[in-house]
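Good morning, and thank you for coming.

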Amino acid sequence: MEKTINQQLDELFNEKWLCRYSKEEQKKFVYDGLVYQLRKEEWTISTESPTQAGKEADIFINKLWLESPVRVAFVLKDKNSPYGDDTRKWFILNNEDGKKNRYLRTKIMRRLARLLYGLTTRHIGFNQLENSEIKKTWATIPFAYIEAKKIAGGSSVTKEEMVDVLTRDIDLLMEEIRILDPNILICFDGEDTQFDYITREFDKLDGANKIIIERQYDQNNNFTCCLFYYPALNKVVIKSNHPCDRGANWIHYEKVISPFRELLNNNPQIKLK
């Protein structure tokens, strides 16, 4: 039987990534990839050990992802609590954190859910969003969650730390992206470190043909939107601020959705698949 995407990622993490770190650092390693969705209550798990429930959830989300025409990967800096984890299980854990993530009770999950809806459905403006539709999308549309820095940290991480990590691990991060094969990557970092490193690698493959959208949002709102589209790769990479930043919700949403909407409106030949 062919291995699922998350099984392939486990091999990448266990056989190539972990060995780059000390035994103490390995205890803080964060596994990520396709986030399991709760479609059956019996899939909830209360421990970190492998279970039949986890296997069923893995097979299900793998099929859903491969069949999805729009595949979104959220690329964050690192996990902001100092212990190892598997972010793929955040929805199906049978505890209070699992419920918070499933039912959008945290700021970060609400912001990610809005973006997932805007990217995969109608690309509408912030004021047109409907909570019921966002919740439906959150529960039914697959997505990938990637920590660019795999060793869990603290409440903040400096640009210098991210540069050091990505300089060392960009080959493995790009291998993770190759395995997942998303066609939209959202890079959450006000200093653009993940965006810069990922697009630098994509530039090697299709830099001459990329479409760039980079502009101020409008005359009255001084924030910048930036998107790169690589035609030969059929991949979109978009800059975003951190999902927990203190900016307004509508700015966080439109910084990503506005250039994406412009890309599709101006280039009707683009078909994400």
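The count of salt bridges comes to 24, a salt bridge being a side-chain nitrogen of Lys or Arg within 4 Å of a carboxyl oxygen of Asp or Glu. This is a predicted model, in which local features need pLDDT of at least 70 and side-chain atom pairs count only at pLDDT 80 or more, while totals for chains, interfaces and linings use all residues. Residues are numbered from 1 along each chain as its sequence is written, and side-chain values use heavy atoms, leaving out hydrogens and water.

Consider Lys77 and Glu191, whose closest N and O atoms are 4.0 Å apart in a salt bridge. Lys77 lies in the loop between strands S3 and S4 and Glu191 in the loop between strand S6 and helix H8, so the pair ties together parts 114 residues apart in sequence. Helices (H or I, at least four residues) and strands (E, at least two) are DSSP runs, numbered from the N terminus. Lys77 is buried at 14% relative accessible area, whereas Glu191 is partly exposed at 39%. Buried means under 20%, exposed over 50%, and partly exposed in between, with a 1.4 Å probe and protein chains only.

Asp192 and Lys239 form a salt bridge at 3.2 Å, N to O. Asp192 is in the loop between S6 and H8 and Lys239 in strand S9, 47 residues apart; both are buried.

Finally, the largest nonpolar core has 80 residues, of which Phe74 and Ile184 touch the most other members. Such a core is a set of buried Ala, Val, Leu, Ile, Met, Phe, Trp, Tyr and Cys residues joined through side-chain atoms within 4.5 Å.
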